[in-house]
Amino acid sequence: MQYIPNILFILVLIAGIGYFTKNVRKVIRNIRLGKDVDRSDNKGERFKNMAMIALGQSKMVRRPVAGILHIVVYLGFIIINIEVLEIIIDGIFGTHRIFAFLGGLYDFLIGAFEILAFLVFVGVVLFWIRRNVIKLKRFWNPEMKGWPKNDGNFILYFEMVLMTLFLVMNASDLQLQTLGADHYSKAGAYPVSQFLLPLFDGMSETALIVLERTCWWLHIIGILVFLNYLYFSKHLHILLAFPNTYYGDLNPKGELDNLEAVTKEVQLMMDPSADPFAAPADDQQEGEPEKFGASDVADLNWVQLLNAYTCTECGRCTSECPANQTGKKLSPRKIMMDTRDRLKEVGDNIDKNGSFVDDGKQLLNDYITPEELWACTSCNACVETCPVSISPLSIIIDMRRYLVMEQSAAPSDLNNMMTNIENNGAPWPFNQMDRLNWSNE
Ligand code: SF4
Ligand code: SF4
């Protein structure tokens with residue numbers, strides 16, 4: 001009987017970590033649906049980017065209020081959860097505050113955790129006010145209705161509850177230590193939760209133990225639920241921001257990757273000695289790609305799909321986007337959200353059928369319309385501002401390539417320009433023979 005809590009704890013832990021692992025595998029499987037792209041170069045620079053952008057949050061602080069609040073909440077939340085290690089050991093072995101033997105260091109750690117918990121609570125309340133009372137415009141764009149809006153708030157409530165449970169657990173523990181209850185020997189410093197002690201005046205030792213144990217259990221269960229909630233939420237970025245910044249594009253912004261097959265074709269056209277009927281050289285044997293550009297998620301590369309899962313839905317890209325600012329239909333945040341939603345849909349399809357069964361849908365038209373794609377000025381503002389190195393532009397460009405090269409469906413202005421370039425060597429509708437006419441004026 002005395003081991004029932006330990007066994008129960010181990011079962012809860014296995015269930016929580018097991019379900020999380022299952023979903024992480026799904027995310028990895030879905031990301032691998034993308035086409036291959038080589039990001040194994042410049043490891044040093046990639047590690048530096050990851051350390052600066054994901055860990056150091058260097059791009060977050062470009063907007064100081066949100067940036068500093070985010071750092072407090074992020075670091076606070078992560079550091080406090082170091083305490084989870086103690087909870088896990090206590091839960092498995094039935095001990096209580098196993099690290100108390102650290103003495104002064106333990107007092108310092110628990111004291112620091114409490115201060116951080118308080119700062120996280122304040123930060124989360126301020127975030128909630130910005131979203132729901134001040135109603136920052138970027139949190140109220142059309143794509144932020146329904147689940148994305150609720151998701152943003154749920155996580156804030158979650159963190160408030162977790163921090164409260166942590167502080168009440170500590171406060172009741174402190175009260176039990178003061179009363180000299182069995183198993184509650186003096187350990188830890190409680191600079192924040194000590195102010196909750198008046199709430200416990202008159203409570204019996206048994207009631208305090210029930211309160212402390214309830215908070216302890218709810219705290220660890222809450223953390224496991226939080227861990228599993230990540231898969232369904234934009235908060236997956238807590239984990240994916242690290243690989244995403246590591247595998248980010250290191251080319252200068254504005255440099256577009258060329259389609260290899262098209263490059264070869266152009267080089268052939270430009271080479272007067274080339275024999276268009278000659279058999280391709282060994283290094284060109286791969287032939288034409290099945291499809292030019294992207295109309296669905298499997299046509300994108302795995303980094304673009306990782307980008308989609310990592311998007312924090314912060315909306316900084318959309319707020320900087322000149323197309324969006326001038327009332328066009330385009331929102332780079334929506335491009336990322338749509339890509340992620342479609343990728344999840346394809347993943348669910350695979351889970352259900354064993355392999356992907358055509359569902360008559362695709363990313364183009366069913367999620368992202370040509371009107372959105374053609375509104376982009378390819379200015380790169382979204383890429384520059386993204387705090388986790390996401391490039392909505394690369395997806396837009398690949399989808400435009402599909403429209404132009406597979407469907408000849410560019411807007412008429414662009415078609416005219418491309419025809420002019422083809423016929424006249426310039427975007428204007430004038431014969432090459434006339435190009436020096438201006439000098440006769
Ligand atoms: S590159 Fe396109 S989507 Fe990104 S900010 Fe510029 S116009 Fe908007
Ligand atoms: S793409 Fe980047 S900037 Fe845009 S919403 Fe996602 S995380 Fe924020």
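Which residues come nearest to ligand 1? They are Cys 321, Cys 376, Cys 379, Asn 380 and Cys 382, from the 13 residues around this ligand. A residue counts as near a molecule or strand if one of its heavy atoms lies within 4 Å of it. Helix 16 (381-385) and helix 17 (392-405) are the elements that give two or more residues to this shell. Helices (H or I, at least four residues) and strands (E, at least two) are DSSP runs, numbered from the N terminus. By class, the shell around ligand 1 holds 10 nonpolar, 3 polar and no charged residues. Here Ala, Val, Leu, Ile, Met, Phe, Trp, Tyr, Cys and Pro count as nonpolar, Asp, Glu, Lys and Arg as charged, and the others, Gly among them, as polar.

The model is predicted: local features need pLDDT of at least 70, side-chain atom pairs count only at pLDDT 80 or more, and totals for chains, interfaces and linings use all residues. Residues are numbered from 1 along each chain as its sequence is written, chains are lettered from A and ligands numbered from 1 in the order in which they are written, and side-chain values use heavy atoms, with hydrogens and water left out.

Ligand 2 is also surrounded by 13 residues. The closest are Cys 311, Cys 314, Gly 315, Cys 317 and Cys 386. Two or more residues of this shell come from each of helix 11 (316-320) and helix 13 (332-353). The shell around ligand 2 divides into 8 nonpolar, 2 polar and 3 charged residues.

The domain assignment, automatic or from a database, gives domain 1 (4-31 + 63-246) and domain 2 (260-430). Their centres, taken over C-alpha atoms, are separated by 41 Å. In domain 1, 24 residues are in contact with 29 residues of domain 2. Contact means heavy atoms within 4.5 Å.

Helix 1 (residues 4-31) and helix 13 have axes that come within 10 Å and cross at roughly 110°. Axes are lines fitted to C-alpha atoms, for helices over the stretch in contact, and angles run from 0 to 180 degrees between N-to-C directions. Helix 1 is therefore roughly perpendicular to helix 13. Angles under 35 degrees count as roughly parallel, over 145 as roughly antiparallel, 65 to 115 as roughly perpendicular and the rest as oblique. Lys 26, Arg 29 and Asn 30 of helix 1 meet Leu 343, Lys 344, Gly 347, Ile 350 and Asp 351 of helix 13. This contact has 2 nonpolar, 2 polar and 4 charged residues.

Helix 3 (residues 64-80) and helix 6 (residues 147-179) cross at roughly 45°, with axes that come within 12 Å. Helix 3 is therefore oblique to helix 6. Val 73, Phe 77 and Ile 80 of helix 3 make the contact with Glu 159, Leu 162, Met 163 and Phe 166 of helix 6. The classes are 6 nonpolar, no polar and 1 charged.

The axes of helix 3 and helix 5 (residues 104-132) come within 8 Å and cross at roughly 140°. These two helices are therefore oblique to each other. Contact residues of helix 3 include Leu 69, Val 73 and Phe 77, and those of helix 5 include Phe 113, Val 120 and Arg 130. This contact divides into 15 nonpolar, 3 polar and 1 charged residues.
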